[in-house]
Amino acid sequence: MRINLLAGVELRRADGSELPVATPKRRVLLTVLALELNRVVPTDRLVAALWGSGPPPTARAALQGHVAALRKQLDGEQLRLVTREPGYVLTGGRNAVDALEFDSLVASATGLPDPAAAAVLRAALALWRGPWEAEDSPSTLPEQAARSLRETRLRALERLAEALLRLDRAEEVLDELAAAVAVAPRREPTVALLMLCLDRAGRAGEALAVYRRTVDTLEEELGIGPGRVLLAAHQQVRAEPPRPARPAAVPCQLPRASRGFAGRAADLARLDAAVRLPGRTVVLVCGAAGVGKTSLALQWAHRNTDRFPDGRLYVNLRGFDEVGPVDPREALGGLLRALDVADEAVPASLAERSELFRRLVAGRRMLVVLDNVRQAAQAAPLFADSPEVLTLVTSRSRLEERPDCAGVLRLTLDVLGRADALALLARVVEPARLAAEPAAARRIVELCDGLPLALRIAAARLASRPDWALVELAEELADEQTALPALSTGGALGVASALALSCRALSAPAARLFALLGLHAGQEVCPQAAAALGGLTAGEAQRLLAELGAAHLVEQPAPGLFARHDLVRLYARELTDTLPVDRRRAAVDRLLDYYLATTAALTTALGRPRLPVRGPGLAPSGGVPVLDGPAGALELFRREERAIRTLVVEGARRGHGERVWQLAYEVAPAYYHDGGFLPEWEQLARSALVAAEESGSLEGRVWTSSDLGMILGEQGRHAEQAELMERAVPLAERLGRRPPLVRCLSVLAEALYELGGARGALPLLERMVEMERAAGDDRSAAVQLNNLAECRLTLGEPERALPAAEESVRLLAGRTDPALSISLGTLAEVRCGLGREEEALEVLLQALELDRELRDHRMEAQHAEETGVVLQGLGRDREAREYYLRSLEVLDRHGRPLDGIRARLAAPALGPDPGNR
């Protein structure tokens with residue numbers, strides 16, 4: 001099976017018979033997929049190719065229909081049409097598409113001896129089944145593809161003519177050259193070759209007639225004289241002196257490359273590789289403000305001037321400047337003048353200027369740098385559409401909004417790595433100063449986010465103040481209040497100024513959302529959280545985040561997540577502070593409501609739901625993330641912890657009391673489950689307690705006091721824990737509700753127990769057991785029975801602890817519940833206390849299995865250690881060592897204390913000390 005695109009779209013079977021491609025849109029679809037053979041073509045690009053910039057609402061559904069119809073026509077062996085995110089891919093060998101076979105043949109002719117090259121080029125040109133076509137001829141191909149293929153066909157013909165001239169076989173190509181010149185009468189390289197071939201065939205008079213006709217056309221239509229190529233051909237014919245004409249100068253407009261450029265070896269190599277890709281005539285270097293796009297482009301351009309002997313053009317389109325972007329019509333006027341077009345000969349309209357520019361650069365090996373482009377509409381008229389001309393574009397945008405930019409190859413520039421960033425500093429700051437304070441130098445790089453603009457400003461400040469220690473600047477940058485002012489020159493240059501210009505290019509809704517994102521302290525933001533901030537649907541938020549992503553104000557590290565560099569986050573926070581107080585307060589309330597709903601779902605997924613403490617609130621406008629069981633819930637918590645904690649801390653300061661303590665209450669089980677954020681959890685709980693007190697909520701004071709008491713207990717601060725809970729218990733009794741009272745009594749009992757007061761804790765525990773039994777709450781009763789069993793065990797009464805431990809396990813049996821894991825561990829301790837180690841081992845293995853299912857790393861480490869203790873007591877030292885190592889690994893991974901388990905592993909019977917593992 002074969003796809004023919006050259007001079008008409010055809011789909012043919014292996015026997016040569018044609019399979020009709022029914023509709024124009026289906027032919028366009030087949031063409032785009034065939035030209036991108038074995039590469040995924042995004043759905044958005046296919047929609048743009050079929051319907052242009054204004055597709056109907058049903059476009060995606062219609063596209064699926066066209067894809068299904070084409071898939072049925074393909075044989076599924078030589079050619080297969082496959083759905084692959086984010087679109088579709090047509091797979092097969094390059095020889096199955098005539099246009100690709102043509103490209104391969106033309107490329108393979110490079111470097112061959114003239115006889116072989118001529119034969120290959122002749123075979124390539126033979127694939128074209130139709131006559132030569134003018135640039136404005138109607139085509140079944142997309143416009144850009146048609147222009148590119150016509151240009152490649154002309155260049156192949158010119159290479160064939162050059163080879164045949166050297167072989168003295170010029171007459172073989174005369175008819176084809178004449179036909180090509182008839183449709184491209186202003187293409188000087190083709191005209192020059194026709195003249196030379198006519199002259200070599202003994203038809204000098206006809207060659208001169210072609211010259212005169214071409215010169216007349218150039219002067220009448222374009223107002224220019226013949227260029228170097230045409231003049232040289234005329235001199236070779238030697239029949240008459242050429243008409244006087246202005247010499248065709250080689251334009252070179254490149255600004256000087258930055259002296260502060262450092263590193264970027266990998267990015268320069270990527271750019272080298274990109275421009276070598278066949279058919280890639282436009283390469284976009286995009287990235288965030290201040291990331292060094294222009295510096296990279298100019299550095300590469302100056303290193304590669306020998307690739308572009310016919311000229312290097314440059315225009316700054318000022319897409320993000322204060323004065324506004326340069327009109328493409330104005331930019332083309334400057335480029336035409338650089339190409340020696342007289343002022344009076346520059347056409348008036350944008351379309352005419354664009355056409356003239358393309359004709360003048362056609363066939364010339366040139367570089368065009370379009371710097372600081374704002375939108376695709378600004379850049380597209382300046383694209384040369386010639387395989388000999390490379391257009392190198394820089395922009396903060398990805399330029400994806402127009403179909404004529406669909407074929408642009410995009411290279412996204414990231415911030416500098418540490419080594420390159422330090423090298424940039426060393427270009428300005430004396431290396432001795434950097435060597436004297438290496439830690440401070442690394443800290444400056446880190447706080448500048450590796451952003452070249454920020455690094456250059458920091459370096460300039462250090463260079464201007466040789467008396468400064470680097471650590472002083474690092475401290476200034478570490479303070480979120482002074483970081484952005486420290487990275488400003490006091491004028492228009494600075495990180496904040498650069499980001500402000502990026503924001504000016506946003507739509508009003510995207511700019512509003514960006515400012516509101518300053519209220520979110522997380523490194524990453526999901527569409528649902530953004531929707532809550534803006535009062536949007538998830539779809540609206542996703543669209544606006546995509547716009548921010550196109551402007552490189554956020555990046556997308558994974559589907560459904562948008563990340564910001566810290567400097568961008570700080571700038572958004574500055575914008576937030578300028579918002580009206582009522583708008584900011586409403587956004588914070590919406591975000592608190594969102595996290596209340598999200599953390600409720602999260603703790604439920606972890607198997608640790610809390611009793612509701614608020615009535616049903618409004619559902620978040622964008623919904624909440626879908627959680628993939630305990631693992632997904634834990635991942636979400638770790639990603640969002642900073643944002644939740646900052647929201648609670650700042651919300652307490654700004655009077656959002658009720659929602660603040662409720663959020664701290666809802667998220668507490670996640671902190672307990674993870675076990676790796678104890679200092680952060682304490683900060684959150686103390687802020688929540690202040691919020692509860694200021695809001696006058698007795699319930700809030702009780703619950704947040706009990707959570708804070710538990711945190712103090714986790715840190716071994718039991719005296720503080722007891723003091724806090726002795727104040728909280730009377731508040732809980734005044735509240736008159738069983739669950740919070742039981743919770744306070746339980747935490748107080750824990751504190752007394754740990755302080756050596758097991759006898760004092762015993763009546764509290766017995767009281768709680770009776771309260772929970774009377775209420776018919778089996779789970780809570782089981783928890784208190786477990787605590788009671790532990791207390792009796794401590795008092796040396798294992799036989800009295802056993803009934804409580806066994807009843808606790810029985811009440812929880814069959815549940816996937818962290819409480820059951822704890823109760824199983826307690827039952828194992830009791831059985832060991834009674835000398836029943838084998839039965840204890842059986843129970844501990846059940847607990848470990850449950851811990852793995854719950855992904856409860858804290859309890860998994862504890863029970864693995866306890867299993868090792870039991871095994872060691874049974875003389876099974878080798879197995880004991882395995883469980884100790886497992887406990888060590890889990891503790892180490894989650895930042896828990898390691899001394900105790902290392903001491904166990906150091907026992908002589910267990911083998912060598914694992915050291916600093």
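Helices (H or I, at least four residues) and strands (E, at least two) are DSSP runs, and they are numbered from the N terminus. With these names in hand, a reader can follow the report below, which concerns a predicted model.

**Confidence**

The protein chain averages a pLDDT of 85, and 93% of the residues score at least 70. Over residues 240–247, however, the pLDDT is below 50, although this stretch has 20 contacts in the model beyond near neighbours in sequence. Residues 913–917 are a further stretch where pLDDT stays under 50, and for them the model has twelve contacts beyond four places in sequence. Where pLDDT is low, the predicted coordinates should not be read in detail.

**An antiparallel sheet and its helices**

Three strands form an open sheet in the order β4-β6-β5, and their pairing is antiparallel. The edge strands of this sheet are β4 (41–42) and β5 (80–84), each of which pairs on one side only. Between β5 and β6 (residues 87–91) the antiparallel pairing extends over five bridges, and within it Leu81 has Leu90 of β6 as its bridge partner. Helix α3 (residues 59–73) packs on the sheet, where it touches β5 and β6, and its direction makes about 145° with that of β5. Helix α1 (residues 24–35) lies across β4, β5 and β6, running at about 70° to β6.

The loop between β5 and β6 contains Pro86, and the peptide bond that leads from Glu85 to Pro86 is cis, with omega near 5°.

**Parallel strands**

Strands of a sheet pair through backbone hydrogen bonds, either parallel or antiparallel. The table sets these pairings beside the one between β5 and β6.

| Strand pair | Sense | Bridges |
|---|---|---|
| β5 and β6 (residues 87–91) | antiparallel | five bridges |

Individual residues show how β9 is placed between its partners. Leu313 has Val368 of β9 as its bridge partner, and Val368 in turn stands opposite Thr391 in β10. Asn316, for its part, stands opposite Asp371 in β9. Strand β9 (residues 366–373) is mostly covered, as eight of its eight residues are buried. Because four of the five residues of β8 are buried, that strand is largely enclosed by the rest of the structure.

**A pair of packed helices**

Two packed helices are described by the angle between their axes and the distance between the axes. For helix α16 (residues 418–428) and helix α19 (residues 452–464), the axes come within 9 Å and cross at roughly 35°. The crossing in which α16 passes α19 is right-handed. Where the helices meet, α16 contributes Ala421, Leu424, Leu425 and Val428, while α19 contributes Pro452, Leu455, Arg456, Ala459, Ala460 and Ala463.

**Loop arginines with positive phi**

Arg264 is found in the loop between α10 (228–237) and α11 (265–276), and its phi is near 65°, a positive value in a residue other than glycine. Its relative accessibility is 5%, which is under the 20% limit, and therefore Arg264 counts as buried. Arg855 lies in the loop between α38 (837–854) and α39 (857–873), and phi for Arg855 is likewise positive, near 55°, again in a residue other than glycine. With a relative accessible area of 41%, Arg855 is partly exposed, because that label covers values between 20% and 50%.

**Cysteines**

Since a disulfide requires a pair of cysteine sulfur atoms within 2.5 Å, the count in this model comes to zero disulfides. Cys791 is in no disulfide, and the nearest cysteine sulfur, that of Cys744, is 19 Å away. Cys791 has a relative accessibility of 0% and so counts as buried. Cys526 also counts as buried, in this case at 2% relative accessibility.

Conventions: Residues numbered from 1 in each chain as written. Predicted model: local features only at pLDDT ≥ 70, side-chain atom pairs only at ≥ 80, totals over all residues. Heavy atoms only, no water. Buried < 20%, exposed > 50% of the residue type's maximum accessible area, 1.4 Å probe, protein only. Pairing = 2+ DSSP bridges. Contact = heavy atoms within 4.5 Å. Axes fitted to C-alpha atoms, helices over the stretch in contact; angles between N-to-C directions. pLDDT = per-residue confidence, 0-100. Left-handed = near helix turned anticlockwise from the far one by under 90°.
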